Amino acid sequence: MNDWPYPKWIAHRGAGKLAPENTLAAFRLGASHGYRAFECDVKLSADGVPFLLHDATLQRTTPEEGVAADRSWSELSRLDAGGWHSRAFAGEPLPTLDAIATYCIRNRFALNIEIKPTPGHNEATGRVVAEHAAARWAGETVKPLLSSFQPDALAAARAARPELPRALLLDSLRDGWLAEALGLDCVAIVANHRVLDADVIAQAHGRGLRVLSYTVNESDDAQRLLDAGIDGVITDAVDRFPPF
Ligand code: G3P
Ligand code: MG
């Protein structure tokens with residue numbers, strides 16, 4: 001199997017639910033619990049700046065409504081992405097991918113960048129995220145792992161920066177999942193923990209692919225996956241799972 005430089009335990013959306021997801025505050029909170037690897041969701045602003053946000057729309061995690069990708073970065077950068085979570089985080093901004101890169105590189109933290117395109121923007125998002133990641137991590141030994149549920153976003157990332165490692169995200173094991181991941185020259189799949197067992201993990205391992213799982217918040221699920229040979233566990237529960 002391929003060399004695997006990433007820590008086994010990965011904090012979901014920065015630090016899951018204990019701080020506002022996909023903000024630098026969440027990363028800092030995950031790090032305070034000992035986490036050294038993080039997952040985050042990245043999409044593009046109207047003027048092509050890659051930034052962290054899970055949803056296509058703004059209403060769940062900011063005071064604004066509507067499609068985030070319709071706004072320029074200058075507008076998005078002024079939004080409060082923390083107040084929805086709790087008072088303590090009011091005023092926390094949406095981070096750019098570049099800001100998160102600075103934080104992770106300086107601290108030697110690993111990053112799994114989920115390419116989360118706004119519908120209709122799969123290829124541009126894959127390409128721009130790969131270009132930014134390659135530029136920011138130039139000279140670093142451990143590159144970020146680029147993952148996506150969208151095969152065409154991964155194909156665009158490969159066309160732009162083939163040297164960056166990629167992973168296919170799978171919510172279910174659709175027909176041909178293994179061939180699809182191999183066809184995109186992925187180094188891993190990242191699958192919903194409900195569809196993973198020792199047989200599936202062994203199948204992927206047998207073709208040289210690592211296997212990660214999301215979003216694992218119960219200790220029974222974590223133990224089952226660890227026993228089955230999982231390579232990475234993405235969790236919100238950074239306060240309950242020591243990352244060792
Ligand atoms: O990348 C793993 C996981 O984050 C995928 O689901 O919806 O939390 O982005 P979601
Ligand atoms: Mg995600």
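Here is a short chat about the pockets and the ligand of a predicted model.

Author: Residues count from 1 along each chain as written, and chains are lettered from A and ligands numbered from 1 in written order. The model is predicted, so local features need pLDDT of at least 70 and side-chain atom pairs 80 or more, while totals for chains, interfaces and linings use all residues; side-chain values use heavy atoms, leaving out hydrogens and water.

Reader: How do you know that ligand 1 sits in the second largest pocket?

Author: A pocket is an open set of points on a 1 Å grid over the protein atoms alone, where a 1.4 Å probe fits, with protein on both sides within 12 Å along at least five of seven lines. A molecule sits in one if more than half of its atoms lie within 2 Å of its grid points. The space taken by ligand 1 is the second largest pocket, with a volume of about 160 Å³.

Reader: What makes H12 a polar contact of ligand 1?

Author: The cut-off is a pair of N or O atoms within 3.5 Å. An N or O atom in the H12 side chain is 2.8 Å from a ligand oxygen, so that pair qualifies. E114 also has a polar side-chain atom 2.8 Å from an oxygen of ligand 1, and for K116 the distance is 2.7 Å.

Reader: Why is F149 counted among the residues around ligand 1?

Author: Being near takes one heavy atom within 4 Å, and F149 is in that shell, as are R13, D41 and Y214.

Methods. On a 1 Å grid over the protein atoms alone, a cavity is a set of points where a 1.4 Å probe fits but cannot get out, and a pocket is an open set with protein on both sides within 12 Å along at least five of seven lines; lining residues have an atom within 4 Å of a point. Grid points are joined across faces, edges and corners, and a volume is the space filled by probe spheres set on the points. A polar contact is a pair of N or O atoms within 3.5 Å; within protein, one must be able to donate a hydrogen and the other to accept it, and residues adjacent in sequence count only if both atoms are side-chain atoms.
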